[in-house]
Each structure stands twice: as C-alpha cells, then as structure tokens.
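Please find below a few notes for a reader who is new to this structure. They are set out as numbered points.

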Amino acid sequence: LIFLIAVLIAAAVVLPPLINISRYQREITALMTRSLGRPVRLSSVKLRLLPRPGFVLTNLSVGESGEFGVEPILSAQTVVASIRLSALLTGKVEVDRINLDEASLNLVQSAAGRWNLESIMAGGLAQGLSQTAPTSTKPVFVHKVAAFPYLEATNSRVNLKRGFEKYPYSLVGTQLSFWQESPGVWRLRLRGQPARTDMEISAADTGDLRLEATLQMLAGHGLYDMPLKVQAEWREAQLGQLSRLLLGSDQGW
C-alpha cells in the first residue's frame, strides 16, 4: 500500500509537466467563462494533480459588461481552478473551486444604480462549449450552465467604482470568499484593510474591516429588492486616521 501511494504521488508530480494541456486551452477558457458567467482570457494553462486535480492558469482576466466600464471585473496573475471530483468520475469536467492570490476585483455601480455582481448572481452570460463526441478520447466539457464555483481570493485588492469613475476608497490585503450556498442564496465573507489611493495613509491605522453577508436572489428583482443579511465590524482603527480616510483630512478626533 505504501509503495502504491508513493507511485501515485510520484506520478502526480512527474506527469503534469509532460502532458500537453495547452491544446485544451480554448476549451478550458470557455469552461471558465461558463463557470463565472463572464468572458475570460488567460495566457497559459497547466495541469495539476495534487492535492486535487485542477488547472493552474496564468494572467487571468474576467471581462466586464459595457454598462460598468472597460476594466476587467477580476484579474489575477496566477489562479488555481480545481475540478469537481463527482463530475470527473462521470467523464465530465466542471470547475468546483477557484483560488486567486494577489487579485484585483472591481465592484462597480452603473449610472442606473445596478451593480456588476447582479448579472453574475442571475446566471451571467451562460456561454457553453460544443460537447465532444462520445467516441473521442478528449475530456467532455459539459454544455450547460454550471453551478458557480467557490471563489476564494487572498492578499487581494477590492476597488469601488461608479461607472467609469474609480473611487479613491479600496480594501487591501483582502481575504475574500464568495459562493452559492444553495439555488438563489449567496454568501460573502470578507476581511481587509481600508485604504485610499489619492493620499498617503498608514494602513496600520485604518484598522481591520470584517464582513459576512447572505443574499437571497429573487427572479425579476434588482439587488436593492433582495433580502440581505449583513454582519460587519471595523476594529483597531485610529480615530484621527479614520476621519482622514473618510473625509480626506484629520479632524483631530
């Protein structure tokens, strides 16, 4: 048993670099597009078998709808997309979890008051792939709307925008998790340091913002009409720097 485990681990380490997964890059790009509900671009893809099967993506960029500007909603240098094991056993490839490090996320509100996350939660673009013929030896990339994968970002930045205008407020060093708990029910967990991009300010003095939210998606309703439960706390903030962060100058608190 020990010998078999050692062989499997060695194979998982040695085989991925030898497998030419780049020929599937178009299918994997479309798979990510279908999973995220937004057009996706990436420069390269590699296979990973441990600790769970998946793909390592380089220079990932998730496109934005023209209503919310031209900047990508999400970009990251390196991304690990893990495969849903239950689907893999049936010969299908579905993304179960996406891990990003040092990513940049833009939360945008349009002039009409809509947020760019609304279309993602409503199902997004739902772009699919041509299903491979049963006689082919290639993996089958399923042609259907996939369940949204568990999205986790570490050491990342969250920017706030209104249309094409970017606010000076942002969260840095952010740990973020976003997932669909059940059909129509979304969960968000976030922790980061508030910051401003238009002035020098000590991140250590702006404290630590933590937030957990649950959102119920309702058909035919906008984000403001959905039941929302939020728990948030802002701790360890120095009052003078807090006033400088919010108002642009130290109020002497």
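1. Is Glu 71 buried, partly exposed or exposed? The model is a predicted one, and in it Glu 71 has 32% relative accessibility, which means that this residue counts as partly exposed. Its side chain meets that of Lys 166 in a salt bridge, at 3.4 Å from N to O. Glu 71 sits in the loop between strand 3 and strand 4 and Lys 166 in strand 10, so the bridge ties together parts 95 residues apart in sequence. Lys 166 is partly exposed as well, with a relative accessible area of 39%.

2. Salt bridges elsewhere. The whole structure has 12 salt bridges. One of them joins Arg 38 and Glu 64, whose closest N and O atoms are 3.2 Å apart. Arg 38 is in the loop between helix 2 and strand 1, and Glu 64 is in the loop between strand 3 and strand 4; the two residues are 26 residues apart. Arg 38 counts as buried because its relative accessibility is 3%, under the 20% cut-off. Glu 64, at 15%, counts as buried too.

3. A further pair is Arg 97 with Glu 152, with 3.1 Å between the closest N and O atoms. Arg 97 belongs to strand 6 and Glu 152 to strand 9, so this bridge ties together parts that are 55 residues apart in sequence. Arg 97 is partly exposed at 26%, and Glu 152 is partly exposed at 23%. Separately, Glu 181, Arg 187, Arg 189 and Glu 212 are linked in a network of salt bridges.

4. The largest pocket. Its volume is about 1,100 Å³. Of the 46 residues that line the pocket, Leu 107, Leu 117, Leu 188, Leu 190 and Leu 211 lie nearest its centre. Elements giving two or more residues to the lining include strand 7, helix 4, strand 12 and helix 5. By class, the lining holds 38 nonpolar, 5 polar and 3 charged residues.

5. A nonpolar surface patch. Trp 234, Leu 239, Leu 246, Leu 247 and Trp 253 form this patch, and together they have about 550 Å² of accessible area. Helix 5 supplies the largest share, 3 residues. Leu 239, which is found in helix 5, is partly exposed at 49% relative accessibility.

6. Backbone angles to check. Most residues other than glycine have a negative phi. Asn 155, in strand 9, has a positive phi near 50 degrees. Glu 236 has a positive phi of about 60 degrees and lies in the loop between strand 13 and helix 5. Asn 155 is partly exposed at 45%, whereas Glu 236 is exposed at 67%.

Note on methods:
Residues numbered from 1 in each chain as written. Predicted model: local features only at pLDDT ≥ 70, side-chain atom pairs only at ≥ 80, totals over all residues. Heavy atoms only, no water. Patch = residues over 30% accessible without salt bridge, like charges linked within 9 Å, V, L, I, M, F, W, Y side chains within 5 Å. Areas by Shrake-Rupley, 256 points an atom, 1.4 Å probe, with all protein chains shown as cover. Salt bridge = Lys/Arg side-chain N within 4 Å of Asp/Glu carboxyl O. Helix = DSSP H or I, 4+ residues; strand = E, 2+ residues; numbered from the N terminus. Buried < 20%, exposed > 50% of the residue type's maximum accessible area, 1.4 Å probe, protein only. 1 Å grid on protein atoms, 1.4 Å probe; cavity = no way out; pocket = protein on both sides within 12 Å on 5 of 7 lines; lining within 4 Å. Points joined across faces, edges and corners; volume = space filled by probe spheres on them. Nonpolar A, V, L, I, M, F, W, Y, C, P; charged D, E, K, R; others polar.
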